[in-house]
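Below is a briefing on one multi-chain model.

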Number of protein chains: 6
Amino acid sequence: MSDPSRPSGRAADQMREVRIERGYTRHAEGSVLVSFGQTRVLCTASVENRVPGFLRGKGEGWVTAEYGMLPRATHTRSDREASRGKQGGRTLEIQRLVGRSLRACVDRGALGERTITLDCDVLQADGGTRTAAITGAYVALVDAVRWLQAGRQIKQDPIHGAVAAVSVGIHRGVPVLDLDYDEDSACDTDMNVVMNDGGGFIELQGTAEGHAFRRDELDALLVLADKGIGELLAAQRDALAR
Amino acid sequence: MSDPSRPSGRAADQMREVRIERGYTRHAEGSVLVSFGQTRVLCTASVENRVPGFLRGKGEGWVTAEYGMLPRATHTRSDREASRGKQGGRTLEIQRLVGRSLRACVDRGALGERTITLDCDVLQADGGTRTAAITGAYVALVDAVRWLQAGRQIKQDPIHGAVAAVSVGIHRGVPVLDLDYDEDSACDTDMNVVMNDGGGFIELQGTAEGHAFRRDELDALLVLADKGIGELLAAQRDALAR
Amino acid sequence: MSDPSRPSGRAADQMREVRIERGYTRHAEGSVLVSFGQTRVLCTASVENRVPGFLRGKGEGWVTAEYGMLPRATHTRSDREASRGKQGGRTLEIQRLVGRSLRACVDRGALGERTITLDCDVLQADGGTRTAAITGAYVALVDAVRWLQAGRQIKQDPIHGAVAAVSVGIHRGVPVLDLDYDEDSACDTDMNVVMNDGGGFIELQGTAEGHAFRRDELDALLVLADKGIGELLAAQRDALAR
Amino acid sequence: MSDPSRPSGRAADQMREVRIERGYTRHAEGSVLVSFGQTRVLCTASVENRVPGFLRGKGEGWVTAEYGMLPRATHTRSDREASRGKQGGRTLEIQRLVGRSLRACVDRGALGERTITLDCDVLQADGGTRTAAITGAYVALVDAVRWLQAGRQIKQDPIHGAVAAVSVGIHRGVPVLDLDYDEDSACDTDMNVVMNDGGGFIELQGTAEGHAFRRDELDALLVLADKGIGELLAAQRDALAR
Amino acid sequence: MSDPSRPSGRAADQMREVRIERGYTRHAEGSVLVSFGQTRVLCTASVENRVPGFLRGKGEGWVTAEYGMLPRATHTRSDREASRGKQGGRTLEIQRLVGRSLRACVDRGALGERTITLDCDVLQADGGTRTAAITGAYVALVDAVRWLQAGRQIKQDPIHGAVAAVSVGIHRGVPVLDLDYDEDSACDTDMNVVMNDGGGFIELQGTAEGHAFRRDELDALLVLADKGIGELLAAQRDALAR
Amino acid sequence: MSDPSRPSGRAADQMREVRIERGYTRHAEGSVLVSFGQTRVLCTASVENRVPGFLRGKGEGWVTAEYGMLPRATHTRSDREASRGKQGGRTLEIQRLVGRSLRACVDRGALGERTITLDCDVLQADGGTRTAAITGAYVALVDAVRWLQAGRQIKQDPIHGAVAAVSVGIHRGVPVLDLDYDEDSACDTDMNVVMNDGGGFIELQGTAEGHAFRRDELDALLVLADKGIGELLAAQRDALAR
């Protein structure tokens, strides 16, 4: 049932339309354009046969992420970080989150001494870019691993379980799923939830923008997140099966 | 009852000794040395009669935080960020968290066009530096506001409610309160919880380091956090009453 | 007639397929995805009501460009410039070229005190990214100007003439049009030509990669460029008429 | 015949006085002060027994260039790039051009695993600093190679052919040779031409500052450039014979 | 006899109270909180089993220093250097001075291929932070060397002689010892003197802030410095004997 | 009498040949090439009608200095600071010293709200670049002030007294004047002395490179410095009278 309080008219527990398009660009070992409604993120997975210094010689691989936003992905143009000469705190925070989330489903020993870098570049932003990035990067990662397997570079599948992410929040007093930009700007509490397909939590980041949130509100948000994650995991499975 | 699984021998729900020492340095409007066991953070609050560009002329104040770690606050020396030429992602993430947490208890209109900067510098690290920083910064903030009130620069108290933070985690399968460095390095799940004195959540940041955490584990962690926050709020009140 | 010397099998004077897709993203005043074969560049035009310091108060506008390449737009992943902390020389050179080329068709007085920034971000690279960027940015610029006219913010059309760009080169001794990556890597001379619809040259940048090129080779290259530019100008007109 | 339209009173095809002074400083393996009229550039060639990472172990050498302008080489003082913390786009563009131009006359295999760095520092600027830099750097490069030969460090002369550069432009409708600052600021088209002593083009960079330039104008400019390059190559030979 | 001209009421040749507290933090091999009156500097000595590139393989060690000031160590808050992205000239100047001063009492051959880094972080500033830093860093250095000796990592004591530093200046025409902030701001000449326990000078840095100083004034200042250094060397000996 | 211990064969109290050439470049208000033997520094004085923020509206001027070294001014090539992206500690230290030294002879009220920037760029280094820079910058400063007076922009001469600088050191046990590079590399003590024409000290910076220096050695060095400064002041007067 549509919720009159949501600017989009969605029901409180309704996700935006999710699309996952594999093979969006041709050079990367995995390349996925993920859309959560109007939010569109290009996630590429690049395989390199080297690891960071702290892992050299240990027989383990590494999975890391970088995040960027095209200057005019947003309503008004933001400065290009390359031109300003540094990545902002928000960017660093998001790319650390994406990296940790994806590492949570990878057996780094089975990967061998390789690095998979997940570049998540936002082409168009409408709220939820970090959750779209995690959800899409998982599919790109699987494609890169399949490429390694196809080339017989690794024997064992290093991926255990799937990972997806969604935002939830309290908007005008109502717990809602998958915030778009209008809701995100106006909501009291904003929470990003990363879960795996075993129903476990990988990351939980909740912030009270307005008033502090109570325990019962948290519980309601987690129920919504669980529903959304289920749908996202299904969308990932569908995309990977195509 | 002491818990044999904790390296420190503390009970699962036992905080480290907390000390809050006001007036630690003399120039700042608020200056607090906060200790959570061996973790020691110097929190100063500096008042300036100007606001960032985006607030100019709006009659509102600003509260912000910066975080640093002395190079040898840790077991092995880390590079000095000033010398490397940039703050790392972890530093930016923490100082954004501290700033958001403290802004959550301030009426910025009542503060007037002033900025209060909370500098949290870790003199010695043993786990939990960000939670100690938030807990100590709150006391420094109150002292700075009292200084403004004593000088009749503001009429109304801009502080509504108290804020404190604590970490919880699952260490060797056991949910425990207030992780020290040894526990933090070895634990499966690490969560930082920021709450106010109304029992509401300001920030919740949980990360699965090893396996994903289940809903019942989350519930157990939140009970521990609530107990710890209660003790920290009491310690803040005691310090402010002295 | 197809040329056996070209890896692509194209005739010496044959362009790759050119596509110009307007309205590719929704926030920018102009947003164009331009493809020269497998090279794909997203060009957005952003209007801002301010000018750089050196133009303030002069009643003139400014047109400028920025260029970026997604880390995995290329065969192997390149470092993200935002993460390295500076834009490389190649990037700066290209964005200066794009900016100069587009300013050549704008009456900055008629634009008024506004800046139009053309962001050219390469989603996929296969040679000729800078010429695709100029060709696509022209269309995005026209769309942004139409938006200004539709909003009655400007009275007079500030755009006089169209601008397009193409590369030519000498590949295995044969002058060819519109180099793709394989040709670009192997060719002796590489020249980028920017022209307007009056047949005039805006920019000419030729580089001998192997042996120096002779005057008669230059002449042959300019004939090819002229043909290619004609086709690109037609493609721009078609796209703008849709 | 002197041209009334040129501020300097020079004929349209007349170069400024060119001086090439070898051994200007004593530490560098090659050190040349080159003057094109009032433009004075110090070009030093430094030999080092190492190559950049991408060439290590390949038995080839490298030739590269850096360009700088003293803060008060110009009419008004510019910021020192070292102090601003980065080299500007114009600087990077010029030093890339100088490096490419000089590499075009060097057999890098015969050079062996060595780097020759050409530092071109403008002591006084009056237009044409990049063309003076290339012309002078060639002489410094030859001196450095002679030094290597004198020390029997290399057997074969790695230099094949000479390289020189000159600017041409259309000033008040008249094609002219070797633009000085007054002409450069006022001209419609500005073109830098790098050629070798075989009459071949190494680099051609033409920019329409005002109106686009036509094919017949380009032809006239190339004739002028050819004449100027001839005189510069003679000046280089004279200097090297002294 | 107290001097009416000094804001503090101290006699012209009277030091502030000096305290040297060893073991102030627990991780560093040497950790000293040194106070010259209200100036408080935390000096840690960190031992690492590596040397800078220019010393590798030479069998010699290195001693270096870094200096920092907490943002609110001063009367008004200064920007955090890590946040501004570079260390200022004053900081670099001081840390170079501290490093040179301490290297002057170390036999780097006896130290072996190790680096000892002396981090001097000012917790509270009231003039003389660099002289306090040198004086305290010496004690931290001795503690780190003792730690190496206790672990039988080195056989021979690499420390020959002690080093201490003090400031002197001409304040309202009167030569005085150990300037505090009020005196430093108002004095005509400011001199920092670093000496060893053999009465020799390690560093002498005098600056005329107002009028130039005469030879007889210099002589008077050196007598004062000699007295102050004697007291500081005694305080170091006392601290190390505790 | 020539001193057998000096590599140059100079007498212990003998300066190198000093040359001061005014009007070396044409754009700057003051432009001086100063040579101390083989050390050659180009010092330009640039006048701008603005002052740094901290002086705005106070009716006072500012005098500041910047220092640079061309990459191959030295025996082996050093990295270009503009390319490394920051000025090193040595550079910052020297330019702060030059700025302080020159400000010591200027009445900033008489200068009015103007900034004079002294750029000291080392074309060739052979020891003593900072003392040559100060000595030459003084002459450039005077020329810039005369230019202001000639243009009737200021009424009162803001320069009171002359400033010059020289190095002294203890080389193989012998106090010597004006160290060249060979001596500087080998000497035990190195001292830079800045004095005015009233015989007063502006700056005194002595460093024990090897053993600490004694009071009687200091005295001998100051006598030498006084002699050298006298000769430099005479050379400045001669140059300014030409």
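In this predicted model, 38 residues of chain C are in contact with 38 residues of chain A, contact meaning heavy atoms within 4.5 Å. The two chains bury about 3,000 Å² between them, with 46% of it on carbon and sulfur atoms; buried area is the accessible area (1.4 Å probe) that two parts lose on being put together, summed over both. On the side of chain C, the residues that lose the most area to chain A are C:His27, C:Arg72 and C:Arg77, together 25% of what that side buries.

**Conventions**

- The model is predicted, so local features need pLDDT of at least 70 and side-chain atom pairs count only at pLDDT 80 or more, while totals for chains, interfaces and linings use all residues.
- Residues are numbered from 1 along each chain as its sequence is written, chains are lettered from A and ligands numbered from 1 in the order in which they are written, and side-chain values use heavy atoms, with hydrogens and water left out.

**The interface of chain C and chain A**

- Twelve salt bridges are found across this interface, a salt bridge being a side-chain nitrogen of Lys or Arg within 4 Å of a carboxyl oxygen of Asp or Glu.
- A salt bridge joins the side chains of C:Arg80 and A:Glu66, at 2.9 Å from N to O.
- Two or more residues on the side of chain C that touches chain A come from each of β3 (39–48), β4 (62–69), α1 (81–84) and β5 (115–124) of chain C. Helices (H or I, at least four residues) and strands (E, at least two) are DSSP runs, numbered from the N terminus.
- β3(C) gives the largest share of that side, seven residues.
- By residue class, the side of chain C that touches chain A divides into 13 nonpolar, 13 polar and twelve charged residues. Ala, Val, Leu, Ile, Met, Phe, Trp, Tyr, Cys and Pro count as nonpolar, Asp, Glu, Lys and Arg as charged, and the others, Gly among them, as polar.

- The same surface serves both copies, as 100% of the contact residues of chain C recur in chain A.
- Chain C and chain E do not touch, and their nearest C-alpha atoms are 11 Å apart.
- No contact joins chain A and chain F, whose closest C-alpha atoms also lie 11 Å apart.

- C:Arg6 is placed in the segment before β1 (18–22) of chain C.
- C:Arg6 is buried, with a relative accessible area of 2%; buried means under 20% relative accessible area, exposed over 50%, and partly exposed in between (1.4 Å probe, protein chains only).
- The side chain of C:Arg6 makes a polar contact with the side chain of C:Glu183 at 2.6 Å, and reaches the backbone oxygen of C:Ala12 at 3.4 Å.
- Leaving aside neighbours within four places in sequence, the contacts of C:Arg6 include C:Val176, C:Leu177 and C:Asp178.

**Salt bridges elsewhere**

- Over all chains, the structure holds 133 salt bridges.
- The side chains of A:Glu93 and B:Arg96 meet in a salt bridge at 2.7 Å, N to O. This pair crosses between chains, from helix α2 (residues 89–103) of chain A to helix α2 (residues 89–103) of chain B.
- A:Glu93 counts as buried at 10% relative accessibility, whereas B:Arg96 counts as partly exposed at 30%.
- F:Asp178 and F:Arg10 form a salt bridge through their side chains, at 3.6 Å from N to O. F:Asp178 lies in the loop between β7 (174–177) and α5 (181–186) of chain F and F:Arg10 in the segment before β1 (18–22) of chain F, so the pair ties together parts 168 residues apart in sequence.
- F:Asp178 is buried at 0% relative accessibility, and F:Arg10 is buried at 7%.
- In chain A, a network of salt bridges links A:Arg6, A:Arg10, A:Arg16, A:Asp126, A:Asp178, A:Asp180 and A:Glu183.

Terms used. Polar contact = N/O pair within 3.5 Å; in protein donor to acceptor, adjacent residues only side chain to side chain.
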